[in-house]
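I opened this notebook page to record what I looked up in one structure, entry by entry. The notes go from the overall layout to single side chains.

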Amino acid sequence: MNRKILCVDDEEAILRALHLHVRKLFEMHTACNAAEGLEVFEKDGPFAVVTADMRMPGGDGASLLAKIKELDPNVATILLTGHADFEFGGADALKSGKIYKILTKPCPPDRFKNVVEEGIQLYNAKTGEIE
């Protein structure tokens, strides 16, 4: 069963905090911007779940997740965003089918873990990878 996740966020403190909460549950990889996220996705994949912050220098999370979804239509993509970001692009990304879920920041750790676990189950059901 694939339990690999990729988290892309330009705030290193957010990535460290996420890692602390999920390190025993998932194999977590990180990237600090969209370009690095795409590079890690292609080099270290396949990933069951990819999360990305909406606002990052050099590219927004919704565009990154759409590109990743083109590369692997089975991956579950999760956009982390503020309320204003959702109003200006997040809703369209969700409707397009390129985004599996949108989580608002700050996201409680249990909510994050539960949504990632749902994404992993969805990915593995699509790919036939079952424990």
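The entries below follow the order in which I looked things up.

**Entry 1: the chain as a whole.** I note before anything else that this is a predicted model. I went through the elements and found five helices and five strands, which follow one another from the N terminus as β-α-β-α-β-α-β-α-β-α. I then looked up burial for the chain of 131 residues, and buried residues make up 43% of it. For contacts with a separation of 6 or more, I found that 61% are between residues 24 or more positions apart.

**Entry 2: the sheet.** In what order do the strands of the open sheet lie? I read the order as β2-β1-β3-β4-β5, five strands with parallel pairing. The edges are taken by β2 (27-31) and β5 (101-104), and each of these has a single partner strand, so one side of each is left without a neighbour in the sheet. From one strand to the next, the twist averages 20°.

Entry 3: I checked which strands two of the helices lie across. Helix α2 (residues 34-44) lies across β1, β2 and β3 (49-53), and its direction makes an angle of about 140° with β2. Helix α5 (residues 109-127) lies across β1, β3, β4 (76-81) and β5, with an angle of about 170° to β5.

**Entry 4: helix α3.** I listed the buried residues of α3 (residues 61-71) and found Gly61, Ala62, Leu64, Leu65, Ala66, Ile68 and Lys69, so a lysine is on the list along with the others.

**Entry 5: salt bridges.** Side chains of opposite charge can pair when their charged atoms come close. My count for this structure comes to eight salt bridges, and I wrote up three of them.

- Glu11 and Lys105 meet in a salt bridge, 4.0 Å from N to O. Glu11 lies in the loop between β1 and α1 (12-22) and Lys105 in the loop between β5 and α5, so this pair ties together parts that are 94 residues apart in sequence. I also looked up their accessibility: Glu11 is partly exposed, with a relative accessible area of 39%, and Lys105 is partly exposed at 26%.
- Lys101 and Glu118 form a salt bridge in which the closest N and O atoms are 3.8 Å apart. Since Lys101 lies in strand β5 and Glu118 in helix α5, the pair ties together parts that are 17 residues apart in sequence. Lys101 is partly exposed at 27%, and Glu118 is partly exposed at 37%.
- Lys113 and Asp110 form a salt bridge with the closest N and O atoms 3.5 Å apart. They are three residues apart in helix α5, which means that about one helical turn separates them. Asp110 counts as exposed, at 51% relative accessibility.

**Entry 6: Asp9 and its surroundings.** Which residues are linked with Asp9 in a network of salt bridges? I found Glu11, Asp53 and Lys105 in that network. Asp9 is in the loop between β1 and α1, and at 1% relative accessibility Asp9 counts as buried. The side chains of Asp9 and Lys105 are joined by a polar contact of 3.1 Å. Leaving aside residues up to four places away in sequence, I listed what Asp9 touches: Ile14, Leu15, Ala31, Cys32, Asp53, Met56 and Lys105.

**Entry 7: aromatic rings.** A pair of aromatic rings is described by the distance of the centres and the angle of the planes. My search of the whole structure gave one aromatic pair. It is formed by Phe41 and Phe47, with 6.0 Å between the centres and 25° between the planes, and I recorded it as stacked because planes under 30 degrees apart count as such.

Technical notes: Residues are numbered from 1 along each chain as its sequence is written. This is a predicted model: local features need pLDDT of at least 70, side-chain atom pairs count only at pLDDT 80 or more; totals for chains, interfaces and linings use all residues. Side-chain values use heavy atoms; hydrogens and water are left out. Two strands pair if DSSP finds at least two bridges between them. Helices (H or I, at least four residues) and strands (E, at least two) are DSSP runs, numbered from the N terminus. Axes are lines fitted to C-alpha atoms, for helices over the stretch in contact, and angles run from 0 to 180 degrees between N-to-C directions. Contact means heavy atoms within 4.5 Å. A salt bridge is a side-chain nitrogen of Lys or Arg within 4 Å of a carboxyl oxygen of Asp or Glu. Buried means under 20% relative accessible area, exposed over 50%, partly exposed in between (1.4 Å probe, protein chains only). Rings of Phe, Tyr and Trp (its six-membered ring) pair if their centres lie within 6.5 Å; planes under 30 degrees apart count as stacked, over 60 as edge-to-face and the rest as tilted. A polar contact is a pair of N or O atoms within 3.5 Å; within protein, one must be able to donate a hydrogen and the other to accept it, and residues adjacent in sequence count only if both atoms are side-chain atoms.
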